[in-house]
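Come along and check each one with me.

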Amino acid sequence: MALKSTTIKLYIYSGTSGNYTEADLKYTLSKDRISTKNSIIVEIANLVRDYLNVSFNDDYLSYTKWVTVSQTLFDSETGLEYDGGRSPVINNYLAIDGYGYYEDSINPQLSYSSLYTSSNMYLPEGIAGKFPIFAEGVGKVIIDSTTTEITDSGDTNQKIQYLNIPANTSSIEVYALDDSTLLKTIAVTNICEPKFTPYKISFINKLGAIQDVWCFKKTTETFSVTDEIYRRNNISTSSLSYNTYQGQQQRYNVNGVTSISLNTGYVKEDFNSAIEELFLSEKAWIRFEGKTLPVIAKSKSFTNKTVLNDRLINHTLNFEFAFNKINNVR
Amino acid sequence: MSTKINARSPFFIEATEPTATLGIFDCTTANLLNFAVSSAGDVTEPGISKGVIIDRTATSFAENTSGSAISRSVTYTIQIPAGYSNTSDGTLSCVQTIDQPTQSAQCNPSTNNNMATFSGTIPAITNLTSTTVNLATYFTAGTGATISGYSVQNYGAAAISTSVSGNTLTIATNSSCATTTLRVTAFNSADSCSAISNIFSVASECSKDLTCSITDANSDGIFSIGAGGAVSATGVISKPIYGIADFVRMEDTSGNTITSLPPNNGASSQTVYIVFVFLVPDGYTNSGNENELDCQRSFTQPTTAAPKVDLQCSDVTFSDFTITSQGNIIGGNISYLGTTTSVATSMVTETSAIQYNVVSSSTSRTISVTFTVENTDWLNYNSSITCPLSLTQPPTQNPCNSASGTYYISNQGFASKNAFCDFGSTYPITKGVFGTPVDGQTVCSQGDIFIGEFKYYAFNENPSPSGAGNIGASFQVMKIDNSGTILETRTVNCQGDTDGDGAI
């Protein structure tokens, strides 16, 4: 007796685990066992990601999905499904738009508590912030001396919770479900920046949550234009002349893209991880002139700065706005 | 905790050959045997066939001097072994009940001078690697007998071993963070009466806190508390597995002691939280004076409502579906729990055709009926399922539906077969018909019977523009009635009929 094949149904849905309907069936996969192998392996992350559409309008919502994998197993001896309650095998997973590094190994599970990898947060003085946590693994969070008990209803719309960090907070402590084991402490530094206008960059970090990085120092906005030229014939055949005020070359398809260069100001070495994740993010936004606008990181290389090498650490971030200057959305 | 799919990295799932489940592990499976409580209150731990006892509610009772038996119960917490369908529940509680006999007059130490006596208190032992206890310090033989031997009851970790040689009890372990409680019984050489010691705790060295984390394992592989556990739809709680601490009680998140939860009568499963309170044993850095450790766990409590399942074909009743003699499939009623009737969206043959060919005798058919599940009680609500349905197709009533064979007849018929010879004419035989040109068979044309009006028609296997009449050769004719039946066939030769009267 051996496994012959499997038919895998992927149900992807919001709400609570296991509460899916046939309408949530997104994929059905079938695969035979390779004769020299003992099991059948299928990779599903790409399929699942099609249904994780993270968007952001300064609203900090929980973008997660339940994935129920139903494996119907067939016996090579009989060709039939295994009986006795051995098939189908049903497992539930929670999909998040995160990723693991190579050293995190296969099927990375990563943090079940704080969804913020560095231990420092920088906020403008007098400005509140957001701190992402994974509700399943956090019992309480103490922000300065105020305790927030975390509850998990099981619903996807609150698996990632963004706690409000009041203005001028100094520390965040994240505790395990037992409310006594301290898992992480984040030092919050409130920056007084009287000269430059701080800008907030929000991006999807390694752990699948929206994370904010404030850039306090010099900002440079640039603008590049693309166009095309064609040569035209401006001879009037009736008078056999042409107007000298009409050019021989004509410009068309003119548009422009705005870029912006930001500086974080001096941050600790530990903040390298946040910048690294920002560079690796597929989705990022800037809060710019009262609107949340999508940007694309233009910088393609990142230097891991250290106090030893660089003394005071400032990161320069270059972005391009993810749209044309002239509205040509059709 | 949910297993996460970090969707930007690959996530692999593996299908393996399922192992035969051993079924549900219950107290019968555990098969606790030989539980006993002596008159002195000494509990004899039951043997267990399957699983491991990880905790008990009592290790001793008060001495029974009441003169009558007292019913005693101990609840044993058993770790469910792997391979059972409820292994993930972690533990199972099994109650053992037995009558504690009253102390017999014979075993009353004040009247039986054979009995050993116990005095003092064997102290708790900490930081154990190996140590000895001189039992003679605590047990004194009676004046009428000697101490014949000792037995040691070990109520905890198997990692702590005990042995008795003479009056010396040796306690040893190779494990750190192992704890147990022990009790010693002394027997005398003259009768079956015994004396018992106090229960004392033993703990090996452990320079760390006991925590709720299941990942907090020491080098000896002894895990702290927390894995497993479950809450049933009706609210029955199965405690998580624990191997070190002593379970004290369960609480809700408000700190109220609970033994069960309310049933979940909602429409869907819900997340519930239970705080398991344990006593931190000696040896751990966070042990102390009855120091308790609260471990909160969340569980998914299923609903008591019947779980939604897919509507299967076996749940469906089909009625009034038929196949006509012409091979057409006629739809009927589709009924199943929650919906009295449903309409088929598709009915096809085994070859996905919408109609069968006619048959001359009854024929078994299996059609495929597709319909939409219209009741929300089913998991596959609003989706289509296809079910096979066995029906019988009756034979056709029209013989031309099953007619085979082609031949040709004349376009013109005559009341007399010899009329073909009149006037020296010839007649074409070009009208194609179906059937067999023999008496009694039916002549079919364009799927229906050919109405012959009891006339004679010339016929031939092949079409011929001048196949009948005065053709200088014989030809064949057939008489066809109004049901298309061939009444007779004849061979005609027009040679000799020169006057045109039809007589040859």
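**Entry 1: a bridge in chain B.** I began with I53(B) and asked which residue in β6(B) is its bridge partner. I found I78(B) there. I keep in mind that this is a predicted model. Next I looked at the strands around that pair. β5(B) and strand β6 (residues 70-79) of chain B run antiparallel, and four bridges join them. They belong to an open sheet of three strands in the order β5-β6-β7 (chain B), with antiparallel pairing. I noted the edge strands as β5 (52-56) and β7 (91-100) of chain B, since each pairs on one side only. On average, neighbouring strands of this sheet are turned by 35 degrees against each other, direction ignored.

**Entry 2: a proline in a loop.** I moved on to P81(B), which I found in the loop between β6 and β7 of chain B. Is P81(B) buried, exposed or partly exposed? I counted 14 other C-beta atoms within 10 Å, so P81(B) is partly exposed; 20 or more would have made a residue buried, and 12 or fewer exposed. Leaving aside neighbours within four places in sequence, I listed K50(B), G51(B) and T87(B) as the contacts of P81(B). I also checked T91(B), ten residues from P81(B) along the chain: their C-alpha atoms are separated by 8.9 Å.

**Entry 3: a strand with two faces.** I then turned to strand β14 (residues 168-173) of chain B. Which of its residues make up the covered face? I wrote down L169(B), I171(B) and T173(B) for the covered face, and T168(B), T170(B) and A172(B) for the uncovered one. Strand β10 (residues 130-134) of chain B pairs with β14(B) in the antiparallel sense, over five bridges. In that pairing, T132(B) stands opposite T170(B). Strand β13 (residues 160-165) of chain B also pairs with β14(B) in the antiparallel sense, over six bridges. Here I saw S161(B) opposite A172(B). β13(B) and β14(B) form a hairpin with two residues between the strands, and G166(B) takes a positive phi near 65 degrees in that hairpin.

**Entry 4: an exposed threonine.** I looked up T491(B) in strand β39 (residues 486-492) of chain B. T491(B) counts as exposed because it has 9 C-beta neighbours inside 10 Å. Leaving out neighbours within four places in sequence, I found T491(B) in contact with S474(B) and Q476(B). S474(B) is 17 residues from T491(B) in sequence, yet the two are 6.4 Å apart in space, C-alpha to C-alpha.

**Entry 5: where the chains touch.** How many residues does each chain bring to the contact? I noted 56 residues from chain A and 35 residues from chain B. On the chain B side, β1 (3-6), β2 (12-16) and β23 (292-301) each supply at least two residues. Sorting that side by class, I got 14 nonpolar, 16 polar and five charged residues.

**Entry 6: chain A in outline.** I counted three helices and 19 strands in chain A. Of its 330 residues, 32% are buried. I also looked at contacts in chain A with a separation of 6 or more, and residues 24 or more positions apart account for 67% of them.

Entry 7: I traced an open sheet of five strands in the order β6-β12-β11-β8-β9 (chain A), with mixed pairing. β6 (120-124) and β9 (146-149) of chain A stand at the edges with a single partner strand each, so one side of each is left without a neighbour in the sheet. Within this sheet, neighbouring strands are turned by 20 degrees against each other on average, direction ignored.

My last stop was helix α2 (residues 272-280) of chain A, where A274(A), I275(A), E277(A) and L278(A) are buried. They are on the same side of α2(A), because they cover an arc of only 160 degrees around the axis. Residues three or four places apart in an α-helix point the same way, because it has 3.6 residues a turn. I noted that the buried residues of α2(A) pack against β13 (199-204), β14 (210-215), β17 (284-288), β18 (291-297) and β19 (313-321) of chain A.

Technical notes. Residues numbered from 1 in each chain as written. Chains lettered and ligands numbered in written order. Predicted model: local features only at pLDDT ≥ 70, side-chain atom pairs only at ≥ 80, totals over all residues. Arc of directions from axis to C-beta. Contact = placed C-beta atoms within 7 Å. Pairing = 2+ DSSP bridges. Axes fitted to C-alpha atoms, helices over the stretch in contact; angles between N-to-C directions. Nonpolar A, V, L, I, M, F, W, Y, C, P; charged D, E, K, R; others polar.
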